[in-house]
Amino acid sequence: MALSFPRDWPDRAPLLEVFAAALDAVDPEQAVRTELEKRPFEGPMTVVAIGKAASAMARGVPEPTHGIVVSDHVEPVPPGFTSILGGHPIPDERSEAAGTAVLTAVDEATGPILFLISGGSSALCEVPAPGLTIGDVAAVKSTLLRSGSEIIEMNTVRKHISSLKGVRLAERAGRYPIRTLLISDVVGDILDSIGSGPTVPDPTTYGDALQILERYGVE
């Protein structure tokens, strides 16, 4: 049964206020700004923002700073930031170019690095593991999507065919202090599965990844 409320319904205004407040509470820009006000991360820093909410999250970082934003759409980014489009939901050459740019940004950092990770990061930003191509990674992702595998299973596999995921990006940045703020698109907010955990310790193994591939008949 469909419900509708006339525009002149007297109780409509309070409902709109509640709706607007709910949107404000989950706004990525405001969430990052609030968190950094509570727990400042001293700069000057390099910011690496990846995901569908990357642009908004980057706008929540206090100036002055610089960094890179990888997303699936064009949106305003702060001055001093480079914006790159990646492929989604299947990683492609744009994703690999974005991943290479992220590694370069991390390698060229001269101080603290702030990582901002949100939904879509796994596909948008990728550098395949040695011996693999972006076509290999895309084929695995496509097959797992068709198989009905769960997101945690899918990301377990992706962590083991990547040079970025499964804490490898944090290891690359290990000489400087790092901090990660995440917006979860994973049920249960499992940190190592959000964006396939590029900066989060990985409890999974190559054996786990192989079992998942076998379970869903991925050759």
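I began with V70. Setting aside neighbours within four places in sequence, I found V70 in contact (heavy atoms within 4.5 Å) with A49, I50, G51, A54, I84, G86, A98, V102, L124 and C125.

Before going on, I noted the ground rules. This is a predicted model, in which local features need pLDDT of at least 70 and side-chain atom pairs count only at pLDDT 80 or more, while totals for chains, interfaces and linings use all residues. Residues are numbered from 1 along each chain as its sequence is written, and side-chain values use heavy atoms, with hydrogens and water left out.

For burial I used under 20% relative accessible area as buried, over 50% as exposed and anything in between as partly exposed, with a 1.4 Å probe and protein chains only. Which members touch the most others in this core? They are V48, V70, V102 and F115, out of 22 residues. I then asked which elements supply at least two residues each. Strand 1 (46-50), strand 2 (66-71), helix 4 (93-107) and strand 4 (113-117) do, and helix 4 gives the largest share, five residues. My helices (H or I, at least four residues) and strands (E, at least two) are DSSP runs, numbered from the N terminus. Another core of 16 residues lies apart from this one, and includes F41, V61, V69 and L116.

I traced an open sheet of five strands, in the order 3-2-1-4-5 and with parallel pairing; two strands pair if DSSP finds at least two bridges between them. Strand 3 (81-85) and strand 5 (178-182) are at the edges with a single partner strand each, so one side of each has no neighbour in the sheet. From one strand to the next, the twist averages 15 degrees.

Looking at one pair, I found five bridges joining strand 1 to strand 2, which run parallel. A49 is opposite V69 of strand 2.

**Entry: helices on the sheet**

For angles, I took axes as lines fitted to C-alpha atoms (for helices, over the stretch in contact), with values from 0 to 180 degrees between N-to-C directions. Helix 2 (residues 28-38) lies across strand 4 and strand 5, at about 140 degrees to strand 5. Helix 4 packs on the sheet too, touching strand 1, strand 2, strand 3 and strand 4, and its direction makes about 160 degrees with that of strand 2.

In helix 4 I stopped at S95. Is S95 buried or exposed? S95 is buried, at 0% relative accessibility. Beyond its neighbours within four places in sequence, S95 is in contact with G86, G87, A123, L124, C125 and E126.

**Entry: helix 9**

Which residues of helix 9 (residues 206-215) are buried? They are A209, I212 and L213. These residues cover an arc (taken from the directions from the helix axis to the C-beta atoms) of only 100 degrees, which puts them on the same side of helix 9. What covers them includes helix 6 (134-147) and helix 7 (151-159). The face turned away from the buried side carries the exposed L210 and E214.

Just after helix 9, I noted a positive phi of about 70 degrees at G217.

**Entry: loop residues**

S196 is in the loop between strand 5 and helix 9, and is buried at 0% relative accessibility. A polar contact of 2.7 Å joins its side chain to that of S122. I counted such a contact as a pair of N or O atoms within 3.5 Å; within protein, one must be able to donate a hydrogen and the other to accept it, and residues adjacent in sequence count only if both atoms are side-chain atoms. Leaving out neighbours within four places in sequence, S196 is in contact with S122, N155, R158, K159, K165 and G166.

P76, in the loop between strand 2 and strand 3, is exposed at 59% relative accessibility. Not counting residues up to four places away in sequence, P76 touches S55 and R59. The C-alpha atoms of P76 and R59 are separated by 8.3 Å.

Conventions:
A nonpolar core is a set of buried Ala, Val, Leu, Ile, Met, Phe, Trp, Tyr and Cys residues joined through side-chain atoms within 4.5 Å.
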